[in-house]
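Please read these notes beside the sequence and the structure. They are set out as numbered points, one topic to each.

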Amino acid sequence: MTGIRLMLATLGAVAMAVSATPAAAMAVTSVPAGVGSAPGTITSETTINLRKDGVLQVSEKIGSQTPGEVRRTVLTRTRYDDEHDRLYRLSNVKGGTLTGDVLTVRAPATVTYEVAGAVTPSGDVQELRWFAVSGWNVPVSKATVRVTGGMVQNLTCFAGALTSAIGCTSASMDHSATQADFEQENLASGQALTVVVGYPGGTTSGAPILERRFSLAAAFTLNTVTGGALAGLLVLMLGGVTLLYWTRGRDARAAGQDHRVAAVLDGHFTPPDGVRPGQIGTLVDEQADVVDVTATIVDLAVRGFLRIDEQPRQVYDAPDWMLVRLPSAPMDTLLPYERALYDAVFDGREAVLLSQLSGSFAQNLGKVRDELYADVVRQGWFARRPDSERTRWTVIGAVLIVAGLLATAALAWFTTYGLLGLAVVIGGAALTVGGQYMPAKTAKGSAALAHTMGFREYLFSGELGDVPEQHRVELFSRYLPYAVIFDGVEHWSRLVASVTGDGQQADNLYWYHGPAEWDLSKFAGSMRTFTTTTSGAISATRQLRSL
C-alpha cells in the first residue's frame, strides 16, 4: 500500500510541474503593462515666475504612475481683435521636445521653458494670463499652479475648454500677496487650466505680441492716410505720364507752311509733297498696317509696274484677280518698301492670282513693314521708328504694371497700404496705353501731315476743277490709291469710272482690266471688292496690323 501511495504522489508531482511550466514561462517573459505606451493619467505641478521684462519662467513637473510619452499642444496664437492675432512665444525649452506647437515629454519628467507675450498692460494694472495646464493628450488627474513675481492685486482661474467661464477648484494668494496658487482636479484630455493674475501698472515692461491678420478689407483699407497717399501717388504717376507725352510724344509744330494742294502742275499729276500712298498711311496713323500695303499694290498698278486683271466668274464663285508683272517698268524708281512688296508678290513669277498669295509673300511682308518704318525715318518725319518707340514705352509700362502688382501683393500682405501699389499699376497701365501715342513727328513730318490733310479735303470734295480732260484718267487713277488710305474707295472709284481721256466711258483702264461684258460702270464695286479681298489676304498673314 505504501508503494502505491508513493507512486501516486510521484505522478501527481510530475503533473503539477508540467501544468505549471506555461505559467512560469509567461511570468518570465511578460512585460509590465504600460511600459512604452502613454500613461492613463498624469499630474501637473507648475510654478511660474514673472520677470521684470514680462517673460514667464515656467517649470512644470509631470507625474505619472506609469512611465510613457505624452504630448501637449501648446496654445501659441489667439484672436486679439478684428485685425490682429496675439502670439505667445515659447523658448529655451528643456526636459522635452518642442516641434512647432507640440511639446513631447516622457513622463515622469520636469519641463522648463519661457513664455513671452502673456502680459497685457491696461491703464494702472497689468494682467498676466497663461494657459498653464492645457492641451495634454491624456487626462490630468490633478493640476496645481503657483505664480510669483509681484504684488498680486487680484486673481482668477478657469477650467475646462479654452473658452470656459467656469472657475477652477481653488484660487488663493498668500498673506504677503506675492504668491498666487491655483488648483484643479480631473481635467479631461485637451482641456485647460487658465490662470489670470492682476498686478499694479509698471510691474513689468511686458506687452502683447501682435500679428496682423490678413484680410482683403484690411489690406486695402481706405482712410485719410491711405486715401491721401493714393491720390498723391496717382497724381504723381499720371502727371508723370502726361509730362512724358508733353515732352516726348507731341509732334513738333510746323510753322509758316502753306497747306494748299496743287493737284496738277504743268499739266501733270503731283501728289502732296511727292509722298506715296504707303508713306502717307504710315505718316497719318504712325502704323505700317494692312491698308498701307493694299494702297501700295493699287499704286504700283496705276504707276505701270503691274496690271490687275479681274477674273471671270460665275454668280456664286468667289472673286479673284490676276496680278500681272509688266515689262520695262522703271524698277530703279521704286522705294525700298515698294521693291520689297513687289518681290513678295511675284517672287520670280510673271503673274499670280490674288487667292494664291501665300508662302514667301507672307514671309516677306515683315520686311515690307520694316522698310515702311525705316522709310518714314529716312524722310525725316520721325526721329525714331514709330514701332520701336511704341514698343519701348509699352514695355516700360508693362514692367511698371508687374512692379505695381508685386508691390500691391507685398503691401497688402504686410501692411494696410495695398492701395498704394494699385496706383503704380494704374500708372503702368496709363503708360502702356499712352505708349501707343509716343511716336512724335518732327517739324518736317508735321508739315507733311498738314499737306496730307489738305489733300484729303480736296480728295473728298470730288471737284474736277481745271483739270484738262486728257489728264483726268491719269489724275483720278493716280489719286485712287490715296483714296484707299483715306477709306474713300467707293466715292473716288465712281469718279474714275465716269471719265476717260476724251471724257467718255471706256471698257477698261490702262491698269485695270475686267472680264468680258464688264465696263467702267462696274469699277466702283470691283475696286471695293478688290481692296477688301486684298486686305483680307494680307491680314491672314498676321504680319501687319489690321484696321
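This is a predicted model: local features need pLDDT of at least 70, side-chain atom pairs count only at pLDDT 80 or more; totals for chains, interfaces and linings use all residues.

**Notes on the model**

1. Helix α6 is followed by D347, and the phi of D347 is positive, near 50 degrees. Helices here are DSSP runs of H or I with at least four residues, strands are runs of E with at least two, and both are numbered from the N terminus. Most residues other than glycine have a negative phi, and most peptide bonds are trans.

2. Residues are numbered from 1 along each chain as its sequence is written, and side-chain values use heavy atoms, with hydrogens and water left out.

3. How much of α6 is buried? Eight of its 11 residues are, so the helix is largely enclosed by the rest of the structure. Buried means under 20% relative accessible area, exposed means over 50%, and partly exposed is in between, with a 1.4 Å probe and protein chains only. The buried residues of α6 are Y337, E338, A340, L341, Y342, A344, V345 and F346. Their cover includes the helices α4 (277-285), α5 (290-302) and α7 (360-378), together with the strands β20 (306-310), β21 and β22 (351-353).

4. α6 packs against α7 at an angle of about 170 degrees, and the two axes are 8 Å apart. That makes α6 roughly antiparallel to α7. Angles under 35 degrees count as roughly parallel, over 145 as roughly antiparallel, 65 to 115 as roughly perpendicular and the rest as oblique. Axes are lines fitted to C-alpha atoms, for helices over the stretch in contact, and angles run from 0 to 180 degrees between N-to-C directions. On the α6 side the contact (heavy atoms within 4.5 Å) is made by P336, Y337, A340, L341, A344 and V345. The α7 side includes F361, L365, V368 and L372.

5. S328 has a positive phi of about 60 degrees although it is not a glycine. At 79% relative accessibility, S328 is exposed.

6. The structure holds one disulfide, defined as a pair of cysteine sulfur atoms within 2.5 Å. It joins C157 to C168, with 1.6 Å from S to S. The link of C157 and C168 is left-handed, with -70 degrees about the S-S bond. C157 lies in strand β13 (residues 154-160) and C168 in the loop between β13 and β14, so the pair ties together parts that are 11 residues apart in sequence. Both cysteines are buried: C157 has a relative accessible area of 4%, and C168 has 12%.

7. Strand β13 also belongs to an open sheet of four strands, ordered β10-β11-β16-β13 with antiparallel pairing. Two strands pair if DSSP finds at least two bridges between them. β10 (119-122) and β13 stand at the edges with a single partner strand each, so one side of each is left without a neighbour in the sheet. Neighbouring strands of this sheet are turned against each other by 20 degrees on average, direction ignored. Four bridges pair β10 with β11 (residues 125-134) in the antiparallel sense, and V119 stands opposite L128 in β11.

8. Strands β14 (residues 170-173) and β15 (residues 179-187) run antiparallel and are joined by four bridges. A171 has F182 in β15 as its bridge partner. The two strands form a hairpin with five residues between them, and A177 in the turn has a positive phi of about 60 degrees. N186 lies in β15 and has a positive phi of about 55 degrees, though it is not a glycine. N186 is exposed, with a relative accessible area of 61%.

9. Which peptide bond is cis? The bond from A107 to P108 is, with omega near -5 degrees. P108 lies in the loop between β8 (102-107) and β9 (109-116).

10. For the chain as a whole, there are 13 helices and 23 strands, and 42% of the 547 residues count as buried. Among contacts between residues at least 6 apart in sequence, 74% join residues at least 24 apart.
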